[in-house]
Amino acid sequence: MNLAFEVTELHRRLANMVLLAKVIEADYSGSIPKAKVVVGEITSAWLPMMVNRAGNDRSWWPLEMGEQVVVLSPSGELTQGVVLGSINQQSLPANGNSADHHRITYSDGAVIEYDRKAHHLKAVLPGGATTELVSDGGVKITGDLEVIGNITATQDITDKTRSMQADRDIYNAHTHSGVRTGPGITAVPNQSQ
């Protein structure tokens with residue numbers, strides 16, 4: 001081999017090790033999400049997307065078309081590349097401006113954020129959205145709770161004194177003495193508590 005070719009090849013491989021690219025296609029089927037990216041004039045083959053976790057604990061938040069990404073290509077071979085996370089761009093700017101905020105904004109308008117300086121967790125969902133929490137072992141809330149809207153329960157509700165059913169048993173079974181027809185009022189109820 002001649003030295004000029006080796007230097008050129010080495011330069012090409014080195015230049016291709018870390019590339020800025022844009023996702024132009026995505027395939028979420030199968031066990032490995034893949035993307036095709038464009039780097040300048042070059043379109044890659046299908047490359048695996050990096051995820052946050054891929055062991056016993058797994059995450060799923062795949063890249064989408066149009067996201068600017070970094071491609072890491074071992075030995076400078078784009079065919080062996082892995083698509084790393086996103087980079088903000090003018091058309092899709094940063095989603096915050098403080099190191100104290102962790103914010104996720106979804107394309108439908110939902111926002112989940114935590115402000116570590118203010119110690120405040122906030123989730124805002126678009127109109128008509130629903131929330132479901134499944135926790136067969138129970139849910140414990142420490143602190144005051146304010147509900148703006150109705151509360152529905154499929155079983156009894158209990159406070160520090162007794163359950164709502166116990167209240168119904170007490171107050172629905174009580175009697176009044178001195179009952180007369182007309183506009184008068186009854187005497188104090190005869191109740192068990």
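1. Look at the start of helix H1 in this predicted model: a side-chain oxygen of Asn-2 comes within 3.1 Å of the backbone nitrogen of Ala-4. H1 covers residues 3-15 (helices are DSSP runs of H or I with at least four residues, strands are E runs of at least two, both numbered from the N terminus).

2. A quick word on the ground rules: residues are numbered from 1 along each chain as its sequence is written. Local features need pLDDT of at least 70 and side-chain atom pairs pLDDT 80 or more, while totals for chains, interfaces and linings use all residues, and side-chain values use heavy atoms, leaving out hydrogens and water.

3. The structure has nine salt bridges (a side-chain nitrogen of Lys or Arg within 4 Å of a carboxyl oxygen of Asp or Glu). One of them pairs Arg-103 with Glu-113 at 2.5 Å, N to O. Arg-103 sits in strand S7 and Glu-113 in strand S8, so this pair ties together parts ten residues apart in sequence.

4. How exposed are these two? Arg-103 is partly exposed, at 27% relative accessible area, and Glu-113 is buried, at 17% (buried is under 20%, exposed over 50%, partly exposed in between, with a 1.4 Å probe and protein chains only).

5. Now try Asp-115, in strand S8. This residue is buried but has no salt bridge. Its side chain does reach the backbone nitrogen of Ala-118 at 3.1 Å.

Definitions and conventions. The expected span of a helix is 1.5 Å times one less than its number of residues. A polar contact is a pair of N or O atoms within 3.5 Å; within protein, one must be able to donate a hydrogen and the other to accept it, and residues adjacent in sequence count only if both atoms are side-chain atoms. Lys and Arg count as positive and Asp and Glu as negative; His and the chain ends are not counted.
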